[in-house]
Amino acid sequence: MLGKVFVLFFFGGIATAMFGGLDSWRLFPKNDVPGMINIFHGDHQDAMRLDRGSLADEIKDYDRKQNTDGARDIEMVNQYYNMATDFYEYGWGQSFHFAHTKKDEGHDESIARHEHRLAEELGLKEGMNAIDLGCGVGGPAREIARYSKAHVKGITLNAYQIARANEHTKKQGMEGKVEFVMGDFTKLHEIGIKDGTLDAAYAIEATCHSPTFEEVYGEIARVLKKGGRFATYEWITASDYDKTNETHNNILKEIEYGNGLPPLRGPQDVEKAAAAVGFKVIKSIDLAQDKEGTRPWYHRMDMSWYEYRLTHATCWIMEFLGLAPEGTLSIHSMLLRAADGLVAGGKTNTFTPMHLFVMEKL
């Protein structure tokens, strides 16, 4: 075992010397952001409920579901986040979303501003209660609670993400200001949220996982007070998408496969679902179309060949040495497909992860 660790550290030392300035690769943790050495070795791995016994079996079953008509169920989404959460934290931090990014902004600044925009659209303030649908490990909920002084409850169906969210919240002294519960955001009654009890709701790149928009929007409308607002950044097709274009459709399939999604939908589907459940859309704007003084939303993923392959090689070495579980390399391959699809979707303007919709309950 010591020999294996030595080999990894030797490789890490060489890679750090050669590529240590890259934001896209990091062997060791830095400023509370995990390194490659931490992936699948956190304190809460027992919270990963692997129904098939191993990550290798999970990725095989996930692949089957993605390639079988009608098999992309809610369990598949849970599988996806069992596999992807550590990689997301490694590459993106505690907020798992893209951001409208100005050219003079860093990653963290743009992420925070993207979250603050939702708080402002919702008019959040002290004394209000909001829900974060699909909260991940709680980065946006904590930031929005700090910014607005509102109380935020986050919901995710993934037990591992709940454990990570609670850990981060405790470290940051945010207990009592945010809370996290495990559940299905299309069934909020199962976690005890009653009709007309919440002031506001938001989702950041999350409702795309719902089988239909009507299911999740309907639950949000049920729990909001009359006149309450729901703000969401949606993953949907962008203005240049052509459903008859085979290249465009293949791009969407790569995005779906690499991100645990059902078939992607368009802005017309959002509008139709909102109206069907009793919402009035008061704002609809694709922030990805704002190109003046900004960087493309996908710029952090538009990396060079060696940047991609360095992390992939690290996964291979760790799995080969038995320092990462079997399946780690396959999971990273899945995420590389996601990145390729997302970058292609951005460059062709066939996909956007930041179409902002603000709705009001009638």
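Visitor: Why is Glu105 called buried?

Guide: Glu105 has a relative accessible area of 13%. Buried means under 20%, exposed over 50%, and partly exposed in between (1.4 Å probe, protein chains only). So Glu105 counts as buried. This is a predicted model: local features need pLDDT of at least 70, side-chain atom pairs pLDDT 80 or more, while totals for chains, interfaces and linings use all residues. Residues are numbered from 1 along each chain as its sequence is written, and side-chain values use heavy atoms, without hydrogens and water.

Visitor: What makes Arg113 and Glu105 a salt bridge?

Guide: Their side chains meet at 2.7 Å, N to O. A salt bridge needs a side-chain nitrogen of Lys or Arg within 4 Å of a carboxyl oxygen of Asp or Glu.

Visitor: What are the accessibility labels of Glu143 and Arg146?

Guide: Glu143, at 19% relative accessibility, counts as buried. Arg146 has 37%, so Arg146 is partly exposed. The two form a salt bridge, with the closest N and O atoms 3.3 Å apart.

Visitor: Why is α3 called roughly parallel to α6?

Guide: Helix α3 (residues 74–92) and helix α6 (residues 159–171) pack at an angle of about 30°. Angles under 35 degrees count as roughly parallel, over 145 as roughly antiparallel, 65 to 115 as roughly perpendicular and the rest as oblique. Therefore α3 is roughly parallel to α6. Their axes are 9 Å apart.

Notes: Axes are lines fitted to C-alpha atoms, for helices over the stretch in contact, and angles run from 0 to 180 degrees between N-to-C directions. Helices (H or I, at least four residues) and strands (E, at least two) are DSSP runs, numbered from the N terminus.
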